[in-house]
Amino acid sequence: MIQGCWVYLNMLPSLYAFAAKEVKTELIPISVAGWVIFLFGLIFETVADYQKTVFRQNPENKNKFITTGLWSISRHPNYFGEIVLWYGLLISVIPFFQSALTALFVLCPTLTALQIIFLSGIPKLRKAGLEKWGNDPEYMAYIKSTSTLIPWCC
């Protein structure tokens with residue numbers, strides 16, 4: 001139920017765009033850029049999830065952590081892709097915004113990003129990872145050398 005509400009919150013900008021009476025045609029390139037960003041995020045998240053699924057299906061990887069593919073450049077590439085796709089969706093509907101008030105729609109993907117980064121996503125997985133592999137020098141090296149969220153960053 002909560003996830004459904006959360007998705008609805010993130011879709012609000014798009015739902016608003018469907019109800020808009022006019023579009024600022026000079027801003028259509030921004031919409032196209034938004035869809036490209038959305039597609040990039042969707043593909044990134046999907047590939048990360050697929051790579052992790054394939055990794056987990058291999059019996060040799062039981063009780064191991066993934067460090068290959070997108071997981072070699074980010075410890076949470078699936079979350080990175082999810083955050084990017086929601087911001088892309090927001091950007092794609094900018095030409096439909098009719099008032100300054102619609103700028104509040106930036107809260108939709110921002111709240112998702114904050115939730116993933118600070119509440120239910122990364123912190124829980126960080127804790128679980130440290131409990132499971134915290135004594136493993138390879139895991140600790142992976143944490144030190146791999147970006148938490150944004151590939152190749154920080």
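How many nonpolar, polar and charged residues does the lining of the second largest pocket have?

Guide: The model is predicted, so local features need pLDDT of at least 70 and side-chain atom pairs count only at pLDDT 80 or more, while totals for chains, interfaces and linings use all residues. Residues are numbered from 1 along each chain as its sequence is written, and side-chain values use heavy atoms, with hydrogens and water left out.

By class, the lining of the second largest pocket has 6 nonpolar, 6 polar and 1 charged residues. Here Ala, Val, Leu, Ile, Met, Phe, Trp, Tyr, Cys and Pro count as nonpolar, Asp, Glu, Lys and Arg as charged, and the others, Gly among them, as polar.

The volume of this second largest pocket is about 270 Å³. A pocket is found on a 1 Å grid over the protein atoms alone: it is an open set of points where a 1.4 Å probe fits, with protein on both sides within 12 Å along at least five of seven lines, and its lining residues have an atom within 4 Å of a point. Grid points are joined across faces, edges and corners, and a volume is the space filled by probe spheres set on the points.

The second largest pocket is lined by 13 residues, and those closest to its centre are Q3, W6, E82, Q115 and S120. Two or more lining residues come from each of α1 (2-19), α3 and α4 (107-119). Such helices are DSSP runs (H or I, at least four residues), numbered from the N terminus. The most is given by α1, with 5 residues.

Next, α4 and its contact with α5. Their axes come within 4 Å and cross at roughly 20 degrees. An axis is a line fitted to C-alpha atoms, for helices over the stretch in contact, and angles run from 0 to 180 degrees between N-to-C directions. The two helices are therefore roughly parallel to each other, a term for angles under 35 degrees. I116, I117, F118 and L119 of α4 meet I122, P123 and K124 of α5 in this contact, where contact means heavy atoms within 4.5 Å. By class, the contact of α4 with α5 has 6 nonpolar, no polar and 1 charged residues.

Lastly, α3 also holds S92. S92 is buried, with a relative accessible area of 1%; buried means under 20% (1.4 Å probe, protein chains only). Leaving aside neighbours within four places in sequence, S92 is in contact with S31, G34 and W35.

Notes
Buried < 20%, exposed > 50% of the residue type's maximum accessible area, 1.4 Å probe, protein only. Parallel < 35°, antiparallel > 145°, perpendicular 65-115°, else oblique.
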